[in-house]
Amino acid sequence: MLTRIVVHYGEIGTKGGNRQVFETSMRRNILAALSPIGGVRVRMVDNRFFVSLDEEGVPAAKLSLSKVFGVVWFAHVEGAPLSYPEILETSIRVLAGARKEASFRVRVRRPNKSFPMGSQEMARKLGEDIIERLGLQVNLSLPDVTLYVDIISDEALVYREHLKGPGGLPVGVSGRVLHLLSGGIDSPVAAWLMMKRGCTPVYLHFYVAPSAEPIVQSKIGELVRELSQSGEETRLILIPFSPYQLETIDLPSDYEPIVFRRFMRMVAENLASRLEFPAISTGDNLAQVASQTLQNIACIDSGSSLPTLRPLLGYDKDEIVQLARQIGTYETSILDYKDCCSIVSSHPRTRMKIADVDEAGRRHGFDELAARCISMGSMATFRDGAIQLRPLSAVLDARSERLNELGPERASG
Ligand code: ATP
Ligand code: MG
């Protein structure tokens, strides 16, 4: 039997001229997230989306909608014609599963002001009639069940669950960002926060293994999958670390962490410029580890022309861990993995000098080295549970092909 879920969004309703772009992206993202369920339709009425689907798909749809950015809240609703007796009968049906001794309250909202009964009056009358019909107890402050009735333009929506979405903006509306993904706890959380502000991350990972294949099967591929909302295509660029390692073998060990991070940033900048992404993002935090002092961050960013966004800058580690658990990446992040940063020395100077980092880059020919590493890179595309791995050069070479490769640009600015 067909049923409906109503989905409310917040900020996108306030974005003036961009409103249509936001709503189109939101609709597309809802459809993509619910695509595994099948037979789903999404319609917009009165600043809310109505998702029509088969009753059987409701539990899976609720789980998916709770992860779609832009969704503020949603509810599995029954519709009733705009007449009090019909609304009462629908309310009785919606409350049918409640225990006999359960307490309840009624919340009525009436955006449709032409309905003759006021919201207080209707809440009171529904309350009285429900007590009489079902024998439930009223408890206005801490009820077991809340019955919600929304009077909208052409019907009343009756429901008893008010479910929270993640809020934020629909993924895609802020454009693409090249996100440096390590195997650690922080960078997946940072990617999630970028998505929450409407960015589509294309992931970039530097790997130690002899080839890219095992990396897509490792926790790195798993993290990318966990961060993708189902139904969406996601891309991961894989760059080998070994040419860098051979070239910089004589680097003083207290230079290694910052010089390597500067190198990663140069590769990222090269790629982001060629792919026409306006920004790079990372999981850096301020002063969490020695490589992240303000002075060292300045060394890493020096010479970049693209902004590097660091959404975790203001978070404490335990807040990051809590978010990682909440979004489901924590258990994967703590699995064993041989990361580049576990090979380079982990004891940097806390105050590197920009001139020394620049000098190391010049001496080791970082521009040429970055180009060489990129030429050995690969791109993995994750789609519907399958992964396609191809040389990165094929994507970078042809501009038109490249733009197709990256999927439709959803941003309007
Ligand atoms: P994380 O938990 O994200 O690894 P961290 O606290 O361990 O962060 P670093 O190891 O200094 O800090 O890494 C800082 C940031 O640099 C990471 O958040 C990530 O954005 C990027 N980074 C580190 N290693 C890699 C890598 N191998 N590939 C791509 N990006 C990386
Ligand atoms: Mg790390």
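Which polar backbone atom is 3.0 Å from an oxygen atom of ligand 1? In this predicted model, that backbone atom belongs to G283. Two side chains also make polar contacts, defined as pairs of N or O atoms within 3.5 Å. A polar side-chain atom of S182 lies 2.4 Å from an oxygen atom of the ligand, and an N or O atom in the side chain of Q292 is 3.3 Å from a ligand oxygen. Of the 580 Å² of accessible area that ligand 1 has on its own, the protein covers 92%; areas were computed by the Shrake-Rupley method with a 1.4 Å probe.

The shell around ligand 1 holds 21 residues, among which L180, S182, D186, S187 and R261 come nearest; a residue is counted if one of its heavy atoms lies within 4 Å of the molecule. Eight of the shell residues are nonpolar, nine polar and four charged, with Gly counted as polar and Cys as nonpolar. Strand β11 gives the largest share of the shell, three residues.

Ligand 1 sits in the largest pocket, in the sense that more than half of its atoms lie within 2 Å of the pocket's grid points. A pocket is an open set of points on a 1 Å grid over the protein atoms alone, where a 1.4 Å probe fits, with protein on both sides within 12 Å along at least five of seven lines; lining residues have an atom within 4 Å of a point. The space in this pocket is about 760 Å³, the volume being that filled by probe spheres set on the points.

The pocket lining consists of 35 residues, with S182, R261, Q292, D339 and C341 nearest the centre. Two or more lining residues come from each of α5 (186–196), β11 (199–207), α9 (256–274) and α13 (340–343); helices are DSSP runs of H or I with at least four residues, and strands are runs of E with at least two. The largest share, five residues, is from α9. The lining comprises 15 nonpolar, 13 polar and seven charged residues.

Residues are numbered from 1 along each chain as written, and chains are lettered from A and ligands numbered from 1 in written order. Local features need pLDDT of at least 70 and side-chain atom pairs pLDDT 80 or more, while totals for chains, interfaces and linings use all residues, and side-chain values use heavy atoms, without hydrogens and water.

Conventions:
Polar contact = N/O pair within 3.5 Å; in protein donor to acceptor, adjacent residues only side chain to side chain.
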